[in-house]
Amino acid sequence: MEFSIKSGSPEKQRSACVVVGIFEPRKLTLAAELLDNAAHNHLSDIIRRGDMEGKAGSTLLLHNVPGTLCDRVLLVGLGKEKEFGDKAYCEAIHSAVRTLNETGAFDGTVFLTETSVRKRSSAWRVRQATLVAQETVYRFDQFKSKKDKVRRPLRKLTFVVDRRNELTIAEEALRQGQAIAEGMSLAKDLANLPGNVCTPAFLAETAQKMAAEHKLECQILERDEMAALGMHSLLAVAKGSQQPPKLIVLQYKGGKNDDQPVVLVGKGITFDSGGISLKPAPEMDEMKYDMCGAAGVLGTIKAAALMKLPINLTVIVPTAENMPGGAATRPGDIVTSMSGQTIEILNTDAEGRLVLCDALTYAARFQPETVIDVATLTGACVIALGHIATGLFANNEALARELVHAGDEAHDRAWQMPLWDDYQELLKSPFADMANIGGRWGGSITAACFLARFTKKYVWAHLDIAGTAWKSGTDKGATGRPVPLLMHYLLKRAGKLN
């Protein structure tokens, strides 16, 4: 979809549709008032009759509005003005774009971006509107023989800002939003692919194509190279599968040569059957989403490259398939990780931490400024936080605060969980340095404590996205999270966030 920025009056716009907001109960925004004045109270007459109350998410499409140059006017309900915040704004943009796309208005001029949102800049409104618009029109139908057709799909959106001196800032915010949206689309596309297509080899090929397209450095480590490095924890997960594991390393160098990189590590289990500790059959198909961490960090480095951020960024993806088989790792097996620490594998379905621990050890060689791993790690995190917030753990409070703030800014929220040494006791093993599970209680915390044992050489955070990486039910599909959170964190570090 094509995007642009402009400043102007709604009644003077020549477009298929002009979009303005209505607060509840029946209060016109400034743009709606300007249209109403030009139309000799046409809008206020309609609202007075009760056709539009301004309820959040509601829409009313009007044709042939007098005194205007556009074909149609779309009224969008914003809810109560004093309650109009991030969520209501995003819902309004979503409702507007969905209606435009469904009604054949191939281009729209959106004045909702002029409407004030508590504690948010005009740049935030434009950036967020771009993300929401792209997410609204996103479709994954490449395996359907008959595509769901839209009569006249939305092709162009123009976002309006109320001051001409804001145009430069708004245009930069638009470019940022488009880049983040492209990163999210890549993450969603990869995650939505079935496990028989999106294998570790497919992820490696994707990374190589990205490197060629965006001038990144790419390295793919094969099984024998990982074995030589002592990555026996990662390799243990792949033993039951015919698909060979890969360790993918992508580097974007937009900063100075001596700038320490931010390193992102993404769990890439392309299908998780649970191994010998086999999962229950219901909803096991959703275990193709166990590589959403990998998809998220690949989407993030793509967005950073598109923005040409002045930072150095390294992405590491340990990727494998977790399957049962004659050669599969058994509960009770003991392996030696790259760090030299030994692990008793009590549950082969706690495999994410086994691939991550070796990747986190490998990350130290890049002398990182910060390391953040992203993983669909524990069902316990879903129990704790549901599908709203990502679980955040960190060995550095300043980093935790930065990530929480980035999540709030991106409307991709995270919640900090404890990483206290008290929980380490639960990982004790009588036969090895540690067990790979800590029992029934505090499962997301003990998983993070396990990873913390491999991250003592640097500043580190862990994002458990098990509850936020995909949706089930009628809206089934990947969400693209936490690409927005990670990109807002990187934008802030790069000094590019308005």
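Where is Pro 482 found? Pro 482 is found in the loop between strand S21 (477-478) and helix H14, where helices (H or I, at least four residues) and strands (E, at least two) are DSSP runs numbered from the N terminus. This is a predicted model, in which local features need pLDDT of at least 70 and side-chain atom pairs count only at pLDDT 80 or more, while totals for chains, interfaces and linings use all residues. Residues are numbered from 1 along each chain as its sequence is written, and side-chain values use heavy atoms, with hydrogens and water left out.

The peptide bond that leads from Arg 481 into Pro 482 is cis, with omega near 10 degrees. Helix H14 itself covers residues 483-493 and is mostly covered, since nine of its 11 residues are buried, a word that here means under 20% relative accessible area, with exposed meaning over 50% and partly exposed anything in between (1.4 Å probe, protein chains only). The buried residues of H14 are Val 483, Pro 484, Leu 485, Leu 486, Met 487, His 488, Tyr 489, Leu 490 and Leu 491. Just after H14, Gly 495 takes a positive phi of about 70 degrees.

Another cis peptide bond runs from Glu 24 to Pro 25, with omega near 0 degrees, and Pro 25 has its place in the loop between strand S2 (17-24) and strand S3 (27-28). Further along, His 40 is found in the loop between helix H1 (30-38) and helix H2; its phi is near 55 degrees, a positive value in a residue other than glycine, and His 40 is exposed, with a relative accessible area of 66%. His 411 likewise has a positive phi near 55 degrees in a residue other than glycine. That histidine, His 411, lies in the loop between helix H12 (397-410) and strand S17 (414-416), and at 26% relative accessibility His 411 counts as partly exposed.

The reader can turn next to a pair of helices. Helix H3 (residues 86-102) and helix H4 (residues 122-137) pack at an angle of about 45 degrees, with their axes 9 Å apart; axes are lines fitted to C-alpha atoms, for helices over the stretch in contact, and angles run from 0 to 180 degrees between N-to-C directions. H3 and H4 are therefore oblique to each other, given that angles under 35 degrees count as roughly parallel, over 145 as roughly antiparallel, 65 to 115 as roughly perpendicular and the rest as oblique. Helix H4 contains Arg 127, which counts as buried at 0% relative accessibility. The C-alpha atoms of Arg 127 and Leu 174 are separated by 5.3 Å, although these residues are 47 residues apart along the chain. Ala 56 has its place in the loop between helix H2 (42-48) and strand S4 (59-63), and at 42% relative accessibility Ala 56 counts as partly exposed.

A pair of aromatic rings is described by the distance of the centres and the angle of the planes. Rings of Phe, Tyr and Trp (its six-membered ring) pair if their centres lie within 6.5 Å, and planes under 30 degrees apart count as stacked, over 60 as edge-to-face and the rest as tilted. A search of the whole structure finds nine aromatic pairs. In one of these, the rings of Phe 140 and Phe 143 have their centres 6.2 Å apart and their planes at 50 degrees, so the pair is tilted; Phe 140 is partly exposed, with a relative accessible area of 24%, and Phe 143 counts as partly exposed at 49%. The rings of Trp 420 and Tyr 423 have their centres 6.2 Å apart and their planes at 25 degrees, so that pair is stacked. Trp 420 is exposed, with a relative accessible area of 52%, whereas Tyr 423 counts as partly exposed at 22% relative accessibility. One aromatic cluster is formed by Phe 23, Phe 84, Tyr 89 and Trp 124.
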